[in-house]
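This briefing goes through the contact between two protein chains and then turns to the fold of one of them. Please look at the sequence and the structure first.

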Amino acid sequence: MSLPPVAEKVQELCGDGATSMEEVVDRLTIICEKPINLVEYKESWGALTAFKAEFEDRINVYFPPQKSQQYKLHCIYHELGHIYLESLRTSLALPNLSEEMLRETADAISITCRSVPNHPVERWVEEFAFEMSKKTRARSSFEPEPFL
Amino acid sequence: MKLLLVALLTALCLLRIPSVVKVAEARASWVASVFGLAALYVLGTVTPLATIDSYLGGINVANLLQAIFALLAIFFFNDSVRRLANVAVRWTYYAPLLSIPIMIASFALVKDKAPTSADFIDYRMDQLAIAVYSGSYMLALLFTVLRIIYMLRHKARGLYATFSAGLLVVAAAVSCHLTYVLLFHFSPWHTFAEAIGSWFDRLFYAGLSVTAAGWLILFLSKQIPKLRLWMIDALWLTGLRIRVHADHSRVSPAWDLFNETLENGVYKSLIVLHNYQRGNLTAFPESVQGRINQIEAKLDAQV
């Protein structure tokens, strides 16, 4: 399986400089031609940290309540990475969901989830999440520093 | 003055190695400092000029190398300023580098290039080839330095102002040398030309030293607080990742510490440790989790 370079795809999606999750969701909504909803889902999560479900008319990204804001954003970015990667027509990672989650997403067209395996797609979207977090965290003070 | 510049550039080269590994945009300015050091070295600042030139045939090739290295140093410095000021690359961007083949060709045409001398150019200023060699070198330098000053016009605040101040002195030095070349070669006022030309050395190295000193102070003033803020946390989190085997690869924690900026390394370690806890449905002892929470709060506060 050949996956595109993450940095190149992040640059294509967000350009140079800083960005925000809101901007990324807006851009992906345009690419996918469906609204993307971020849904905090309070059921049992086990070892899962987030998942996304695509319906006819929308894409939902589910994530658990988290004490850590950084980790919550990272997990959402991971799922947004899946959405972006799928829009590039690459293979999907296999979901691993609980019964409740499967019921919730019964009429979904496709599902991917964020767990922590060492699959190439999972590594790609995890790297995507890292890159996006850099661009998001740089938002307040982004300025090139070529002399430091 | 040359030794001061060697010391400043050496400090910048060595201290900035971690930045160069981690941040791609920091590389051009580092290459500039390396070329600057190379130019000063072949000038005979550290090893005697005669020794260096003897390895190169004893015909003042060291002088040509010094000019090429200095031009490349200024060019790469200019590239970093372009990134800082977010200026687009236009066709004129590479124009100063065109002077390198002109310099090589005109140097080749110089008659009686031996023996090795620090005043190689001055002794042969009556030759047109030397005027072209020296003139094209100085024109390229002047063009690049003035372009840097222009690009810095909106950024020259705080320590970046020392860049502009130093480079203005360099521009003055280069203008003196150009005037010297033109007057000496194309007018009868040789003594006047030499008097103007004699200002080149002291102005050139004084200007570059001011710029390099400003750069070193800028670097230290920005990096030391970052080191104090994140270094201990980065090391502690890396140690924790190694201790609990949170990564697939044993090399990953150390690689992240080496390859990422300290803040990004801390972020990555926190995510890896969260993944480890989630994936293994486990929790760290309260004291460890407390420290992780503290670091996370510090990271949140930076955004």
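**Glu263(B) and the contact between the chains**

Glu263(B) counts as partly exposed, at 23% relative accessibility. Its salt-bridge partner is Arg137(A), with the closest N and O atoms 3.6 Å apart. This pair crosses between chains, from helix α13 of chain B to helix α5 (residues 120-137) of chain A. The model is a predicted one, and the points below are grouped by topic.

**Extent of the interface**

- On the chain B side, 36 residues are in contact with 29 residues of chain A.
- About 2800 Å² is buried between chain B and chain A, and carbon and sulfur atoms give 58% of this area.
- Polar contact across the interface of chain B and chain A amounts to 15 residue pairs, with both residues at pLDDT 80 or more.
- The side of chain B that touches chain A draws at least two residues from each of α5 (61-85), α9 (160-186), α11 (199-244), α13 (262-279) and α14 (286-302) of chain B.
- Of the elements of chain B, α13(B) gives the most to this side, with nine residues.
- By class, the side of chain B that touches chain A is made of 14 nonpolar, ten polar and twelve charged residues.

**Salt bridges between the chains**

- Three salt bridges are counted between chain B and chain A.
- In the bridge between Glu263(B) and Arg137(A), Arg137(A) counts as buried at 7% relative accessibility, whereas Glu263(B) is partly exposed at 23%.
- Glu145(A) lies in the segment after α5 of chain A and Lys226(B) lies in helix α11 of chain B, so this pair also joins two chains.
- The side chains of Glu145(A) and Lys226(B) form a salt bridge at 3.6 Å, N to O.
- Glu145(A) is partly exposed at 30% relative accessibility, and Lys226(B) is partly exposed too, with a relative accessible area of 38%.
- Salt bridges that share partners link Glu131(A), Lys134(A), Arg241(B), Asp247(B), Asp256(B), Glu260(B) and Lys268(B) into one network.

- Glu260(B) sits in the loop between α12 (252-259) and α13 of chain B.
- Is Glu260(B) buried or exposed? Glu260(B) counts as buried because its relative accessibility is 10%, and the cut-off for buried is under 20%.
- Its side chain makes a polar contact with the side chain of Lys134(A), at 3.2 Å.
- Leaving out residues up to four places away in sequence, Glu260(B) touches Lys134(A), Lys22(B), Trp255(B), Gly265(B) and Lys268(B).

**A salt bridge within chain A**

- Over all chains, the structure holds 19 salt bridges.
- One salt bridge joins the side chains of Arg27(A) and Glu23(A), at 4.0 Å, N to O.
- Arg27(A) and Glu23(A) are both in helix α2 (residues 21-32) of chain A, four residues apart, which is about one turn of the helix.
- Arg27(A) is partly exposed with a relative accessible area of 29%, and Glu23(A) counts as partly exposed at 27% relative accessibility.

**Fold of chain A**

- Chain A contains five helices and four strands.
- Read from the N terminus, its elements follow the order α-α-β-β-β-α-α-β-α.
- Chain A has 148 residues, of which 53% count as buried.
- Among contacts in chain A with a separation of 6 or more, 68% are between residues 24 or more positions apart.

- Strand β3 (residues 59-63) of chain A is mostly covered, with five of its five residues buried.
- In a regular strand, side chains alternate between the two faces of the sheet.
- On one side of β3(A) are Ile59(A), Val61(A) and Phe63(A), and on the other are Asn60(A) and Tyr62(A); all are buried, and both faces are covered.
- Strand β1 (residues 36-40) of chain A runs parallel to β3(A) and is joined to it by five bridges.
- Asn37(A) stands opposite Asn60(A) in β3(A).
- Strand β2 (residues 50-54) of chain A runs antiparallel to β3(A), with four bridges joining the two.
- Phe51(A) has Tyr62(A) of β3(A) as its bridge partner.
- β2(A) and β3(A) are connected by a hairpin through four residues.

Key: Residues are numbered from 1 along each chain as its sequence is written. Chains are lettered from A and ligands numbered from 1 in the order in which they are written. This is a predicted model: local features need pLDDT of at least 70, side-chain atom pairs count only at pLDDT 80 or more; totals for chains, interfaces and linings use all residues. Side-chain values use heavy atoms; hydrogens and water are left out. Contact means heavy atoms within 4.5 Å. Buried area is the accessible area (1.4 Å probe) that two parts lose on being put together, summed over both. A polar contact is a pair of N or O atoms within 3.5 Å; within protein, one must be able to donate a hydrogen and the other to accept it, and residues adjacent in sequence count only if both atoms are side-chain atoms. Ala, Val, Leu, Ile, Met, Phe, Trp, Tyr, Cys and Pro count as nonpolar, Asp, Glu, Lys and Arg as charged, and the others, Gly among them, as polar. Buried means under 20% relative accessible area, exposed over 50%, partly exposed in between (1.4 Å probe, protein chains only). Two strands pair if DSSP finds at least two bridges between them.
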